[in-house]
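These are my notebook entries on a structure that I looked through piece by piece. I wrote down what I looked up and the cut-offs behind each term.

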Amino acid sequence: MPEPFAKTTSRVISIPRANIDTDQICPARFLKITDKAGLADALFFDWRFTPDGKRRKPPSFIDERRNAGRQILLVGDNFGAGSSREHAPWALRAWGIRAIVSTSFADIFKGNALKNALLPIVVSPERHAGLVALVAAHPDGEWTVDLEAGQVKLPGGESFLFEIDPFARTMILAGTDEIGYVRSRLPAIEAWEAAHPARVDSREGIAAR
Amino acid sequence: MAEKPRTLFEKIWDEHVVSSDPGAPAILAIDLHLVHEVTSPQAFTGLRERGLKVRKPGQTVATADHSIPTLDPSLPIADELAARQLRQIEENCREFGIPFYGKGSPTRGIVHVIGPELGLTQPGMTIVCGDSHTATHGAFGALAFGIGTSEIEMVLATQTLLQRKPKTFQVQIDGLLGPGVGAKDIILALIARIGIGGGTGHVFEYTGTAIRALSMEERMTVCNMSIEGGARAGLIAPDETTFEYLKGRKFAPQGAAWDAAVARWRALPTDEGATYDRTITIDAEALEPMVTYGNNPGMGISVTGRIPSLTDVEPAARADLEHALAYMGLQPGRSIAGQKLDVVFIGSCTNGRIEDLRAAASVLRGRRVAPGLRVLVVPGSQQVKRQAESEGLDSVFQAAGAEWRESGCSMCIAMNGDQLEPGQYGISTSNRNFEGRQGKGGRTFLASPLTAAASALTGVVTDPRTLDSVAAQPVAVWRSSAMEAH
């Protein structure tokens, strides 16, 4: 069960590349696990290590000492494209990331992120350009992401508002998940099913185990 | 008063909305849940922790495709992690009463190949799977989309999902495809036009005479890569082609139920006068065989084209293009045709069906692949494998010097030992050319089965229309007739 999450203050890691896909965030060979263990090490693995397993020189942003412990990512457009693997947000969360700022997110990634209390914060291209410049000028400036207020406070006193799906926001602030909510609506689901018989029975013709 | 005209998507959506509380997403009923070994284990663990059962095991089907080896199935699985994952799905299915098509099952295969093959995929359904290529099933006029593991757990527990209603995006494709140009080229051309985020927040509906003329397998190829254009789902309205494909399949309705179902399905196509949030039109006659040159599926050009230069793109995209070309080791401005290859992969949920294998075999029949080239042909399912073998296609491939394997995702996702080595170039009929997708350091050109097979003969990226056998074929002679492949 998730912990409630409302606010974090952190320095920022900026990766200006667009279309960062989930194969970069968590390469497929790390998907053979049957739990969620070890995913922090898988994060951006092939950006960090050469194909023969040596740490890249200079080290990838994630291995730069000054970036250790940072919780906010600033990335290019269409972050999280590609596969539906929830291992991508799991890996980001396991490494410590709590909020990602971009001009857009791929649909499946965005949904998966919200279910893991990882905030996908969408800003306009103009705002995004300003933020990239800000991080370049103040690489160690601290930002505060406040979900309750829907606001990011920037170093120097400026701030901007953001929107998160209001339902997901409520769930994240309360630390509840959606299955309990939907199960509380089971009578409505059963009524729908009574009016709409199942289209297939996948067990047909299969001997009882 | 007449009802407001609705799109295919809206009809399916409206019918499946169970309820929606103010401010909350809709609770959407799910007709069919497909499960595989890679994205499901943590969902079953979650169910156990909550003490819940699978609510509708009869609307759930599981298979093993992603991490399963495509080598001799009697051999033990060398990768201990993969072996454990494969044991896990079997145990989970047994514990929760879910039908499982595992190793040794004659109907095992890639989840998006077996659903349609078994007749589980039907028009008007909502279908989900923990796999982004679930959009494939949209070829039948179903609302089908990929979900994450938390959502898998939700569907296992409730047979519903919480969803915000997406917008609609019509992709209208009219005209006749030229020789050597197929479904894969249509979808690669669309993605090249709109970019890999172009459909974000939308579902595609593919319409137009070029779409109507496609076989079911070709429609599946188009819908399969909807996610590569950013759309979670891509639909094609059902028609006689759809019904002919489905009739007589194992889980398709029979007898009077079939007639009732067809009557229901005939009401699904988008109403006259219904509107979409966005529309794009593509001229099928202008399309050429497509090949990707970069590190995402939107970086595609005609096989006769040149690799873009930095000055060909918007200033904001230059750094990403530079990075992509550096990864690919390609020179801007060079022809894509003639780029050297180490590996050819024919298979995947995009292009691993019988018609794809026939197309590839039509090029390779009686010829040899280029010296030193590794060519891997992996059928999409065990049924496809048997059908291909009954037609002698396995002999065609092997005589040409290609490897003929058991079914699975294989080198599309490189989880099962089938992979590119660092630095190798592969032309692949699969769906993603992301960095490392087909093996760390591997470099992928995406293309159609015809283009991949033509390239296998030469060892370099090759326009299939340069082969007389392809240039002379105005229609897709490898299409299945209604009687085959059930």
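**Entry 1: a helix and its buried side**

I began with helix 1 of chain B, residues 8–16, and looked up its buried residues, which are B:Leu8, B:Phe9, B:Ile12, B:Trp13 and B:His16. Seen down the axis of this helix, the buried residues fall within an arc of 125°, so they line one face of helix 1 of chain B. The arc is that of the directions from the helix axis to the C-beta atoms.

I noted the terms here: a residue is buried if 20 or more other C-beta atoms lie within 10 Å of its own, exposed if 12 or fewer, and partly exposed in between, with C-beta atoms placed from the backbone. Helices (H or I, at least four residues) and strands (E, at least two) are DSSP runs, numbered from the N terminus.

I also noted that this is a predicted model, in which local features need pLDDT of at least 70 and side-chain atom pairs count only at pLDDT 80 or more, while totals for chains, interfaces and linings use all residues. Residues are numbered from 1 along each chain as its sequence is written, and chains are lettered from A and ligands numbered from 1 in the order in which they are written.

**Entry 2: two helix pairs in chain B**

I next looked up helix 2 (residues 41–50) and helix 5 (residues 149–158) of chain B, which pack at an angle of about 50° with their axes 8 Å apart. That makes helix 2 of chain B oblique to helix 5 of chain B, since angles under 35 degrees count as roughly parallel, over 145 as roughly antiparallel, 65 to 115 as roughly perpendicular and the rest as oblique. Axes are lines fitted to C-alpha atoms, for helices over the stretch in contact, and angles run from 0 to 180 degrees between N-to-C directions.

In this pair B:Gln42, B:Ala43, B:Gly46 and B:Leu47 of helix 2 meet B:Thr149, B:Ile152, B:Glu153, B:Leu156 and B:Ala157 of helix 5, where contact means C-beta atoms, placed from the backbone, within 7 Å. I sorted the residues of this contact into 5 nonpolar, 3 polar and 1 charged; Ala, Val, Leu, Ile, Met, Phe, Trp, Tyr, Cys and Pro count as nonpolar, Asp, Glu, Lys and Arg as charged, and the others, Gly among them, as polar.

I then turned to helix 6 (residues 183–194) and helix 8 (residues 216–224) of chain B, whose axes come within 8 Å and cross at roughly 20°. That makes helix 6 of chain B roughly parallel to helix 8 of chain B. By class, their contact has 4 nonpolar, 1 polar and 2 charged residues.

**Entry 3: one residue, B:Glu421**

I found B:Glu421 in the loop between strand 17 (403–404) and strand 18 (425–428) of chain B. With 14 C-beta neighbours inside 10 Å, B:Glu421 counts as partly exposed. Leaving aside its neighbours within four places in sequence, B:Glu421 is in contact with B:Gly439 and B:Gly442.

I recorded 9 helices and 8 strands in chain A, and of its 209 residues 42% count as buried. The C-alpha atoms of chain A fill a box of roughly 65 × 45 × 30 Å, taken along the principal axes.

Technical notes: Contact = placed C-beta atoms within 7 Å.
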